Structure formats: structure tokens, C-alpha cells
Amino acid sequence: MADQIPLYPVRSATASRKRAAYYSAAGPGPGAERPSRYQLEDESAPLDEMPLMMSEEGFENDESDYHTLPRARVTRRRGGLEWFVCGGWRLLCTSCCDWLINICRRKRELKARTVWLGCPEKCEEKHPRNSIKNQKYNIFTFIPGVLYEQFKFFLNLYFLVVSCSQFVPALKIGYLYTYWAPLGFVLAVTIMREAIDEFRRFQRDKEVNSQLYSKLTVRGKVQVKSSDIQVGDLIIVEKNQRIPSDMVFLRTSEKAGSCFIRTDQLDGETDWKLKVAVSCTQRLPALGDLFSISAYVYAQKPQLDIHSFEGTFTREDSEPPIHESLSIENTLWAGTVVASGTVIGVVIYTGKETRSVMNTSNPKNKVGLLDLELNHLTKALFVALVALSVVMVTLQGFVGSWCRNLFRFLLLFSYIIPISLRVNLDMGKAAYGWMIMKDESIPGTVVRTSTIPEELGRLVYLLTDKTGTLTQNEMVFKRLHLGTVSYGADTMDEIQNHLMNPCPQAPSQASGNSASSAPPRKAQAPAPKVRKSVRGRVHDAVKAIALCHNVSPVYEPRAGVGGEAERPEADQAFSDWDRSYQAASPDEVALVQWTESVGLTLVSRDLASMQLRTPSGQIQTYSVLQMFPFTSESKRMGIIVRDESTAEITFYMKGADVAMSTIVQYNDWLEEECGNMAREGLRTLVVAKRALTEEQYQDFESRYSQAKLSLHDRALKVAAVIESLEREMELLCLTGVEDQLQADVRPTLEMLRNAGIKIWMLTGDKLETATCIAKSSHLVSRTQDIHVFRPVTTRGEAHLELNAFRRKHDCALVIPGDSLEVCLKYYEHELAELACQCPAVVCCRCSPTQKARVVKLLQRHTGRRTCAVGDGGNDVSMIQAADCGIGIEGKEGKQASLAADFSITQFRHIGRLLMVHGRSSYKRSAALGQFVMHRGLIISTMQAVFSSVFYFASVPLYQGFLMVGYATIYTMFPVFSLVLDQDVKPEMAMLYPELYKDLTK
């Protein structure tokens, strides 16, 4: 990346003085010559004087360094007429158009709001309708919009001017149909295609907006359309029903006061999310009591972030008034699906203000690079046409009305730019689409945009989603490491044998209900100097894995068994019921399924308790005292439980090794084993515990409750209280889980890389998960270094981290979404320059909007063609922003495939789609365009010779149907042969992807 720059340059005394002066100006540290890594503040003045350099010399060089940087290069400012001619006119026109658009479409300022339960009329402001609109035109703008999209290209505009000139008698060359028939055919086909696509979008929107929902009113339930829902309405959503708008979760039919929702169409994760109802409304005796209380929800202003929410719930008619804090776990975003029970929520955001709509970009009309190149070539041919006409008039001697003769020569030689070019290319594109859909090697492939099949043969960057695209999102438990002993897939029976035998060191762990007759006692921490046996450590590790999670067992009746509505009790055998697990993460489901396979089974779970069944059939009951869910900032989750048989209180925690290594007690094996598992492509979790006394827990609970009710810096205060428990925890085990890849992902990615395509992975998943999948899929080779971009929040931090990244050589980049946002704000050009030099890039925790911004960044910075691949609703913005969008029909629905230009059923089909069909389509269209232009040059040359022989007369050589036949029927066989041409067999194109690489040079 910068091999000629030394990593450790020798500094002169002058440079050292400059360096000391710079850091002293930035803020000196007490007694230190150089401040810490992120001591710089977000100040623009010193940073503008310190350009990004390839090494640490950038902190020492003077202003001459500006000439070495693309972004900081000093240029002479143009002014006056020179500025206007060299592009200023375009800037002025753009500014005026933007000003007029802003006046016509003034965006209403988004504000926080107070929403009264069941009282939409109390809303102080008018909110948008809750309707979904994906149409590009309406009944008035359809014809003007389609015509504008066609005639904004010089090629079509030229044809229109030539055709209109035939209405002037002095300029008429032949019959009108010779010019208007081809142009009318092209316009008719285009208008019909757009009309069909627009009608399909209208039908899909109408179907969604007409879905009926139950609205709770004072008089009972009424049915309302989705488009008629307003802010403040109380909406009832049944199981497997889509949530129509952003709501706060008030009540549920589940006794636990919580439910699961599927968010695959919002954030791309197929695992279920646990949502908790507001406790004040959940405790109400009946559903109608929601109208008997005076309560309101205060919600923050609408924003893009789908992972956060801040608000409060207030009930005024109680003494004292009840205040509850609301967070992301109390919300139900539009587009998600209820997976369990029936929920009741109050609508807080509708229509354009919902999270899903704000994260979706407007669709654009995509134009292929081949069409753009032909448009530029048409301009060059037009210049040649004008030059030839001027030469003919000059040789004629400018006699008579030479202006009329000049224009007639322009019309006579207009076949240099044949109007049949568009007709032949459109016919070829239709044939390419038909061939793609009829290919038996890629069944189920659908071409939804027939105008850009050649783009498949010119791709340089491929941006792909992870969940459901590269992976199946199915986890399998592979490894358990206890420090001195490791268990793999072939030694799991040893763990089962350990669990079958009681553990003498910890009798309460295996005694089950046999200890229930003993009086409760306070928790006593075991002596730290006593080394546990392997059996005892296995008991502790498996028990911790079975308790530390947010998994809930779900029971469904087996086929042939009478389906009673009553759920069986936990102490029954469950012999007639099929048990499945649902959780917020597939990793946790895999862990709980593994504990069941070795004998310790989770049989019951609610918000207050959970029950485990031991291998001997005894039931252990635990009360859930506190739950700390996983967050991207903490990278860990925890739970505090009390054993009902012994009254022992234990704090269990699991998380990423980077977060847990500073929490657990000192050990000499964790870091090494985490590295070993990561190299195998396994997702690792560190499990630890800490025993608490009753007094310790009561003190923690009081401080934790106060922090949760804080209105200012709530997250920081809650985190500080939790961190007071995370000290000197006992390390129990390290687990390794493998995410199953889609079929043939590795060979497909290898083929694409050999074809010269650079692959970026954009995912909304966690950093550790994305890194593991990048390694297991061989997107990043196991011997390749990975630079994990540190979290940055200010310009100074981003500046320093980018400088640190510049010093890395040939390493993959992993950058989280928050850091990406800061870098795009301040150092967009520098980030793109560095990232494009990396062999692979992984962007994790990306929102749908950020995915689209990365695509546009590559388009602006490189000018190369991009392709986006995804399968969920969160990938729609990325697919629409890319030059070529490919959607995969998978578990996450068809939203991505419907919005894409090409729809496939499996990721491995991309190889044949690009290497065979993309390459062939581009080569055929290029040859076809050259043939049609060559055909036009031949007839124009004959016309020039004819006019020269007859004293430069502006008389046509051929008239009427003869010219139309020459452009269509007489020369149609070469056109068909070029459309069906095949230079190499499909098998050879797949075997040698380097053939594709030649087309992108």
C-alpha cells in the first residue's frame, strides 16, 4: 500500500520541534511529551493543517505536503467568464433547480412528540399518512417522465429532431414513415414496458396498503386499512401479521408480558427479537382499561437508527404519577412480523416517518454503461456528420440557399447515426434476458430489468450481504474448551458422561429438587485455592451455558396428537410435544440445543424464571432477577439468577473475547485458544460467573433501578452500574460455534476474485460474526492480516485511525458502521482511496442507508461498475443504488428479489450469471453496435459519392421503403447471428474466469 515509505522514519531536530509545537497546540498532557492516541479534539483548524500522510512523517511536514495529497492539492481558482464556461453554468443551473424543488417540496422539520393513548385527535401536529408508495410516476407525470428519460440522451434527441424536420417541405427527404416508424416503435415499446412495471408496483402498494387491522376504540374493535392508521391509534396485531407502523408495545396475550418478532425485512437478521410490553399497561385487568386511564408516550423525533429508541411512558391519573423509561425493547417497528402471541401497541410514527421507509432510498432509472458509451460515441459521429456536411457545402461553393442545403446534407448523411441502432439493441437485450431465464443451470432466475444485461459483464466491485446470502444462518456447536481440556464433535459423549454422574464439589448443581427440603442458605463462594476437578468444571460450564441466554422454548403438538390449547407443565415428560427454541441470536439457540443434546434441557422460560431438566429427569428452577441483553457497544450479555433450591445468587456473563478478557480472572490460555478457533472460522464466546451474596445483590438492584430512571446520560449510568459487578469473574469455558455457509460459496468467491472482481461484505451483524464469516468463506484468507478499524466518534480520532491504517500493508479492512459514518463525514475521499487498495473489505453493523452510501462512494471515487447482492428488505437500498442489483429469494422473503434487476435462488448462481451470460451479453452488444454503425457508414459513404458525382446535389440516393428495408429485413441475418454468437463454450468461460477480467480493463 505504500512500500516505498519507511515505517519508522528518522526525525530531524527541526521536525521534532515542529512535532512538539503541534502537540502542545493540540492540548498538552501532564508530564508527557506526546498525548494519548485519541487525545485530539474535534477541531477543524489544526486538522486542516495536518494532511493525512502515508506514515508518521505526516505529523511533522510543513505546508508543502499539500501538493502530495489528492484531496489537499492546491489549485488556482477560476473566476469570471472562465469559471462560467468551464462548468460554472452547470453549477448555477443545478443550484437553481434545487432551490425551486426545495420551495415546492419543503420538508417538514421532524420533532419529538407526545402521543396520548387512543386519542389521535390530541396530536398537536399533522403527521403523514401511513401509506406505502413505491411508484415512480403518477397519472399526470407518467408520459412526461418517460419521454424525459428517453430524450435526455443525445441519441434519442437527435432522432427526434431529424424526424420532426420532415414536416418542413423544404427539408423533406423521403417518406415520413422512414423516420417516424422506427422512433415510434422504440417509444411504444419503452412506454409499454414502463407502464407494465408501474402497474405492478401500484398493485403491490395497493395490496400492502389495503391490509386490514383491528383498531381498539371505546366502542370495541373496528377494522381499518393500513393506510388509514393514525398516530395515537391502538392497533391489535395477530401472530404472523406484519406490523403496519412504528408502535410502542403496550400489551400482549402472552402471560410473560413479552413476545418475539421477526425483523428479517428490517435489519437482515433472521433470528427472532424479544420485545417487552410496558409493565403499567400489561398489568391492567382488561383490554378496555386502556381507555379508562390517562396516559401518554413521549417519543423522540423520527430518525434513521433502527437499533435505538428513547422515550418515556407516563400515567397521570395515579398517585403518584407512574413514569417508565422506554427503550428499543419496547418498540415494534413497521415491516417486522409478530412471531408469538397477539400484541397491542400505540402508533407513534406513520408513513414516511417510520424507520423502514426512512432507511429506503427512492428507486432510480438505471442506464447501462454500454448505452452511455454509445451516447458519447453518437456525439462524436454527429461531429463527423456536421463536418462532412460542411465539406459538401464548401465544395458546392456556398451557392444559393446554402443553409438549406447544409441541413439537407445533415439529413442525407443521418444514417451515420442509424435510428435502427436502438431497435436492434433493444431486441438483443430482450433475447439476452430470455436466454438467462431459460438456462437450466440456474433455474428460477428472473430478469426484472431488461435494459442492463450487459452490465453483468463489466462489474468490478461486488457488494454482498452476509446473512442469508453467504450463510444459511444455521449454527452448529463445534468446540468447548475448559483451559486444560478441549471437547470437539467426537468427544461430546464424555461431557454427557460427566453430567450423568453427580459432582461432589458442587452438590447443589446436580441435586435438583432433592435439595428442596433443605432450608435456604446464603451463597458461599468456594475457596479460590481449591482446584476443581474436570467433572466439576464441566458441570459449571454446561450449567452456565444453559442459563445465560434469552432463549425461550416453544412447544407445538405433533402430528396425530390432539391439539389442546393448554400448555403442559414443566415437570411433565413433554412426550407428545415437539420442542423448538427461539432467541434473539442463532448462536444462543445453538448453545441451548447443545446443552439439550448432552443432557441438560431448558424446558420452561418466562421473564421471571426458567427451569432446567437434568439427565436424571429432575427439574431445577431458577428465578431470573436481572437480564442484561447483548449490545454492540458492550459485546456481552449477562443474567443474574437465584437457585430456588439453595437460594444461591449467581451472576453469569458471556461475550466476545475482546470484552471478556479484562473482566475474567488472570489466565494464560484464553487469548491463544480464541485465536485458534477464529482461524478455524468459529464464532467464539467466553463464559464466566460470579457468586453474589444477598446484600451485594440488593445494593446493586437499588443503584440499577435509579440509573434506569435517569433522563440524562441514562445509558452511561446503567453501564457504570453493571460494570461494578464485572470484576474478577471466574472463567468457566470458551465455546466455538460454526455458521453454515451457503452451497459452493467458497468456489464462487474464488471464481469472482480470479475474474478481477473485488468483493466487499456489507452486513448489519456484529463485528465478530462478520469477521468469522469473512474467514470461513475465504473472503479473507486465514494467513492474511486484518485491520479492525477502532471505534471513532470525532474527526481527530478518525484522522489518527486512518493514519494508522495507512501504515498497514496488504491487509483486509473491517470497519463498524459508526466509524464508517464519521469517516464518510470528514474523510470520504481518503477512506475510499485506502479501502479500494485492500484485497477485501467488511463493513459490519451497517444500516440500510449506509450500505447505499458505500455503493455510491465507490461509484463516485472509482467510476467502475458496481453490483449489490442481497436477500432481505434491508438490502433494497443497496440493490437500487448499485449499477446492477441481484436479489436472492430466500428465508427473508422476496422483497429484495422484487426490487432487484435480476433475481436468483442461490448465491452460487452468480458465477454462471456473470461469467457466461454477462460476458456474452456485453460482447454481443458491443459487436452489434459496431455492426449497425458500420452499416450506417456504408450507406452514408455511398450517398457522399453519389452527391459528389452529381455536382454535390442534396438528393437522396435511395428513397422510401428501400432504406427501411436496408436497416431491417435485408441485413437482419447478421444481427441475429451476432445476438446468438458464442466465442467460447459456457464450460470454458466458467473454467477460465480470467476471460471475464479482460472485459473490465
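I count two strands as paired if DSSP finds at least two bridges between them. Helices (H or I, at least four residues) and strands (E, at least two) are DSSP runs, numbered from the N terminus. The model is predicted: local features need pLDDT of at least 70, side-chain atom pairs count only at pLDDT 80 or more, and totals for chains, interfaces and linings use all residues. Residues are numbered from 1 along each chain as its sequence is written, and side-chain values use heavy atoms, without hydrogens and water.

I looked up an open sheet of six strands, in the order 3-2-4-13-5-11, with antiparallel pairing. Strand 3 (220-225) and strand 11 (331-332) are at the edges; each has a single partner strand, so one side of each lacks a neighbour in the sheet. I then took strand 2 (residues 212-217), which is joined to strand 3 by six bridges and runs antiparallel to it. Tyr213 sits opposite Val224 of strand 3.

**Tyr177.** I found Tyr177 in helix 6 (residues 177-209).

**Cores.** I read a nonpolar core as buried Ala, Val, Leu, Ile, Met, Phe, Trp, Tyr and Cys residues joined through side-chain atoms within 4.5 Å. The largest has 41 residues, and Leu462, Ile886, Phe902 and Leu914 have the most contacts inside it. Leaving out residues up to four places away in sequence, I list among the contacts of Leu462 (heavy atoms within 4.5 Å) Leu752, Trp760, Val869 and Leu914.

Terms used. Buried means under 20% relative accessible area, exposed over 50%, partly exposed in between (1.4 Å probe, protein chains only).
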